[in-house]
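Biologist: I would like to go through some labels and the criteria behind them. Please show the model first.

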Amino acid sequence: MLTGLLLALVQTQAVPACGVDDDARAGFLAMSYEQFDQTMGEGWRSLEENAECQAIAGNLIADYLLYSHAPLEAYNVRVLRFHAGQMFAFAGETDRALAFFQASYGAPYGEGDRLNWNSYVDATIAFLQQDRETLEAAHARLLQQTPFENGMIPNLNVADGFLACYGEGYPKAYSAECMSDGRG
């Protein structure tokens, strides 16, 4: 009788992790890029605040890159790869994070560009690899960017956090406590 009860317990269907069952996954994959990636509280971003769901969010982004039929520009692909890397970094899966970050490089920064994306990627990778010299060099390149109209320099706050909380892990360095603008 006890064996039968244990078998029945094992055979019950487990609750899908973070509420992402096959139907939910299909819904995510059917979203437009803007809804899936660029809308706060939608798409993968609906999972990002829950630490237990961050690796699942990274996997969902990877699935979106592979299986979604949404039209994606090269920039969209880079951003999705970067966001997958972030989710894996938050989840402590550094090797997976690095693979996605390394795949997120774009065209070299050119005159007139508003965003030195590759230096941001360099800073992120250097932080995860605990390479302070490369992190400092990437930070210096980010300082050379033209500020936005509001005076903010793109992604400098994140690189500041990497330097301020160097060696303390990605979630800590990406927090309001470490970032220069307190946004985290």
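Modeller: What follows sets some values against their cut-offs.

Modeller: This is a predicted model, in which local features need pLDDT of at least 70 and side-chain atom pairs count only at pLDDT 80 or more, while totals for chains, interfaces and linings use all residues. Residues are numbered from 1 along each chain as its sequence is written, and side-chain values use heavy atoms, with hydrogens and water left out.

Biologist: How many salt bridges does a search of the whole structure find?

Modeller: The search finds six. One of them joins the side chains of Arg 96 and Glu 93.

Biologist: What makes the contact of Arg 96 and Glu 93 a salt bridge?

Modeller: The term requires a side-chain nitrogen of Lys or Arg within 4 Å of a carboxyl oxygen of Asp or Glu. For Arg 96 and Glu 93 the N to O distance is 2.9 Å, so the pair meets the definition.

Biologist: Why is Glu 93 called partly exposed?

Modeller: Buried means under 20% relative accessible area and exposed over 50%, with partly exposed in between (1.4 Å probe, protein chains only). Glu 93 has 27% and therefore counts as partly exposed.

Biologist: Why is Glu 177 called exposed?

Modeller: Its relative accessible area is 63%, and the label exposed applies over 50%. Glu 177 forms a salt bridge with Lys 172 at 2.7 Å, N to O. Lys 172, at 26%, is partly exposed.

Biologist: How do you know that Glu 136 and Arg 132 are separated by about one helical turn?

Modeller: They are four residues apart in helix H8 (residues 132-143). Helices are DSSP runs (H or I, at least four residues), numbered from the N terminus. The side chains of Glu 136 and Arg 132 form a salt bridge at 2.9 Å, N to O.

Biologist: Why is H7 called roughly antiparallel to H8?

Modeller: The axes of H7 (residues 117-128) and H8 come within 8 Å and cross at roughly 155 degrees. Therefore H7 is roughly antiparallel to H8, a label for angles over 145, with under 35 roughly parallel, 65 to 115 roughly perpendicular and the rest oblique. Axes are lines fitted to C-alpha atoms, for helices over the stretch in contact, and angles run from 0 to 180 degrees between N-to-C directions.

Biologist: Which residues of H7 and H8 meet?

Modeller: Among them are Tyr 120, Ala 123 and Phe 127 in H7, and Leu 135, Ala 138 and Leu 142 in H8. Contact here means heavy atoms within 4.5 Å.

How values were computed
Helix = DSSP H or I, 4+ residues; strand = E, 2+ residues; numbered from the N terminus.
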